[in-house]
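I opened this entry to record what I looked up, beginning with a term I need later and then going from the whole chain to single side chains.

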Amino acid sequence: MESLPPTLYKYFGPDRINVLQNCLLRYSPLGAFNDPFEGQPEVTSLTTEARARESLKAILPQETRSAYDQLPAEARAMVSYELWEQQLVQQMKSKEPELIRATHGLTPMLRSLMTK
């Protein structure tokens, strides 16, 4: 991020000297501007591929355990947690590119919601 300028200029009449004396700053509401796109960020992507991979890696252990715990007792008796985890991790790795594409596919929808 660039450093701030050493001086900030604010133009107003002498009757508004209290702005400087009281160190006041006013932010205009976005509706006061004549540009309909003023204040709307440009969303190009919800996340980077690296961050999406990190997120998947971070939630996978907890979600794996949660999914296993929700299996019926009969199924858990037939499949150990270690085998369940191994299979699920393998499946998730094979689906990772598809999951990342799906995340990127949500960006236009989010952009549309932000402009309404």
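Predicted model: local features only at pLDDT ≥ 70, side-chain atom pairs only at ≥ 80, totals over all residues.

**Entry 1: overall layout**

I looked up the secondary structure and found 5 helices and 0 strands. Read from the N terminus, the elements run α-α-α-α-α.

I then checked the dimensions. The C-alpha atoms fill a box of roughly 85 × 30 × 30 Å along the principal axes. The radius of gyration is 26 Å, whereas a compact globule of 116 residues would have one near 13 Å.

**Entry 2: surface and contacts**

How much of the protein is buried? I found that buried residues make up 9% of the 116 residues.

I looked at contacts between residues at least 6 apart in sequence; 58% of them join residues at least 24 apart.

I also looked up the charges. There are 13 positive and 14 negative charges, and their mean positions are 3 Å apart.

Side chains of opposite charge can pair when their charged atoms come close. I found 3 salt bridges in the structure.

I took Asp69 up again here, as its side chain meets that of Arg65 in a salt bridge, at 3.4 Å from N to O. Both residues lie in helix 2, 4 residues apart, which is about one turn of the helix.

I went through the pairs in turn. The side chains of Arg53 and Glu49 meet in a salt bridge at 3.5 Å, N to O. Helix 2 covers residues 49-69, and because Arg53 and Glu49 are 4 residues apart in it, about one helical turn separates them.

Arg53 also forms a salt bridge with Glu96, where the closest N and O atoms are 2.8 Å apart. This pair links distant parts of the chain, with Arg53 in helix 2 and Glu96 in helix 4 (residues 81-105), 43 residues apart.

Glu49 is partly exposed at 43%, and Glu96 counts as partly exposed at 22%. The cut-off for buried is under 20%, so a residue at 22% is not classed as buried.

**Entry 3: Phe37**

Where is Phe37 found? I located Phe37 in the loop between helix 1 (18-21) and helix 2. At 59% relative accessibility, Phe37 counts as exposed, because the cut-off for that class is over 50%.

I checked one distance from this residue. Phe37 and Ala67 are 30 residues apart along the chain, and their C-alpha atoms are separated by 44 Å.

**Entry 4: recap**

I end with two items for reference. The protein has a radius of gyration of 26 Å.

Note on methods. Residues numbered from 1 in each chain as written. Heavy atoms only, no water. Helix = DSSP H or I, 4+ residues; strand = E, 2+ residues; numbered from the N terminus. Rg over C-alpha atoms; globule rule 2.2 N^0.38 Å. Buried < 20%, exposed > 50% of the residue type's maximum accessible area, 1.4 Å probe, protein only. Contact = heavy atoms within 4.5 Å. Lys, Arg positive; Asp, Glu negative; His and termini not counted. Charge placed at Lys NZ, Arg CZ, Asp CG, Glu CD. Salt bridge = Lys/Arg side-chain N within 4 Å of Asp/Glu carboxyl O.
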